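Here is a short tour of a protein chain, written to be read with the structure open beside you. We begin with the whole fold and then visit a single side chain.

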Amino acid sequence: QVQLIESGGGLVQAGGSLRLSCAASGRTFDSTTMGWFRQAPGKEREFVAAIRLSGGSTYYDSVKGRFTISRDNAKNTVYLQMNSLKAEDTAVYYCAAGGLLAPQATLYDYWGQGTQVTVSS
């Protein structure tokens with residue numbers, strides 16, 4: 001089993017920055033892709049960004065140029081650096097792990113409990 005623990009969420013002013021971290025533990029051998037999803041009240045969970053073990057990554061269009069995903073394989077940790085935050089970025093952010101680099105939540109096998117990000121305008 002793989003356990004994922006997110007941290008770094010909080011309240012930030014619009015235009016500010018925040019860095020989320022997700023630490024993975026357990027049997028992570030097959031979890032070669034780690035990603036971030038978010039869910040705002042009344043909305044579907046949506047893809048934010050994902051990164052492969054090799055370093056290749058992909059982003060949802062609305063966050064391109066503002067968010068950067070990275071990982072430290074030695075520490076089994078993935079990061080999401082969020083810059084130029086907007087009120088529309090407000091959501092619960094979830095860390096996920098799976099075997100494929102994909103935007104579909106159903107393709108990920110493990111999930112963290114989420115961390116709240118609130119951007120005030």
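The report below goes from the overall fold to one arginine.

This is a predicted model, in which local features need pLDDT of at least 70, side-chain atom pairs count only at pLDDT 80 or more, and totals for chains, interfaces and linings use all residues. Residues are numbered from 1 along each chain as its sequence is written, and side-chain values use heavy atoms, leaving out hydrogens and water.

The chain holds 11 strands and 0 helices; these are DSSP runs numbered from the N terminus, with at least two residues (E) for a strand and at least four (H or I) for a helix. The radius of gyration, 13 Å, is close to the 14 Å from the globule rule for 121 residues, so the chain is as compact as a globular protein of that length. That radius is taken over C-alpha atoms, and the rule is 2.2 Å times the number of residues to the power 0.38.

| Property of the chain | Value |
|---|---|
| Buried residues | 40% of the 121 residues |

Now to Arg-66, which sits in the loop between β6 (57-59) and β7 (67-72). Arg-66 is buried, at 10% relative accessible area; buried means under 20%, with a 1.4 Å probe and protein chains only. Its side chain reaches the backbone oxygen of Ser-84 at 3.0 Å. Not counting residues up to four places away in sequence, Arg-66 touches several residues, including Met-82, Leu-85 and Asp-89, where contact means heavy atoms within 4.5 Å.

Conventions
Buried < 20%, exposed > 50% of the residue type's maximum accessible area, 1.4 Å probe, protein only. Polar contact = N/O pair within 3.5 Å; in protein donor to acceptor, adjacent residues only side chain to side chain.
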